[in-house]
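Look at the structure first, then read on.

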Amino acid sequence: YEENVVLTRGVTLRGSGEPIYGVDGAVFGDLVAPIVDGMGTGPSITMADRTTVRGFNIRNTASAQPGGVAYSRSAFDDSRIGILGNGATDLTITGNLITGNQVGVFLIRQGDFQLDFSHNRVTGNSGYGGIISATGNSGICDITVSHSAFDGNEGGGLSIQAFTYDQ
């Protein structure tokens, strides 16, 4: 799919690359991850509060375009981000291959933040594999990264920054 997918609150985007287990051992899905390619026109997938992305090959292969997301007092080009969560929380990202982006995963939040990032491979991105930045005046920051690999990303693997939380 050559498009930019924008999720709305509470949506689960499930690709056939993530199996669905049924009764008596039945497995649904062909276990071939569909490709979502943003083609350099914006993030391949933009997440909202309480959303899930699972079972995809997520890339953004065209050359970068002017644009940006505010991050650490500098403009950050969002045209070649694989998964963007700008202000979203209660996110689940699982069972994906995230490759061929400038930044594979870019999540930024002010306020309580919850993320479950598991069973993903983030590789071959021209910048960071992942950037997670959360700031709270108090409250909770709960970030779980498990069973995931960050390799071959030119800018580095995964950067996590969390500031001024109670927990």
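## Arg121 and Asp151

Arg121 and Asp151 form a salt bridge, with their closest N and O atoms 3.0 Å apart. The pair links distant parts of the chain. Arg121 sits in strand β16 (residues 121-123) and Asp151 in strand β19 (residues 149-151), 30 residues apart. Arg121 is partly exposed at 40% relative accessibility. Asp151 is also partly exposed, at 30%.

## Terms and basis

The model is predicted: local features need pLDDT of at least 70, side-chain atom pairs count only at pLDDT 80 or more, and totals for chains, interfaces and linings use all residues. Residues are numbered from 1 along each chain as its sequence is written, and side-chain values use heavy atoms, leaving out hydrogens and water.

A salt bridge is a side-chain nitrogen of Lys or Arg within 4 Å of a carboxyl oxygen of Asp or Glu. Buried means under 20% relative accessible area, exposed over 50%, and partly exposed in between (1.4 Å probe, protein chains only). Strands are DSSP runs of E, at least two residues, numbered from the N terminus.

## Arg59 and Asp37

The structure holds 4 salt bridges. One of them joins the side chains of Arg59 and Asp37, at 3.4 Å from N to O. Arg59 belongs to strand β8 (residues 57-59), Asp37 to strand β5 (residues 35-37). They lie 22 residues apart. Asp37 is buried at 5% relative accessible area, whereas Arg59 is partly exposed at 28%.

## Arg54 and Glu18

Arg54 pairs with Glu18 in a salt bridge, the closest N and O atoms being 3.9 Å apart. Arg54 is in strand β7 (residues 52-54). Glu18 is in the loop between β2 (12-14) and β3 (20-21), 36 residues away. Glu18 counts as buried, at 17% relative accessibility.

Note on methods:
Helices (H or I, at least four residues) and strands (E, at least two) are DSSP runs, numbered from the N terminus.
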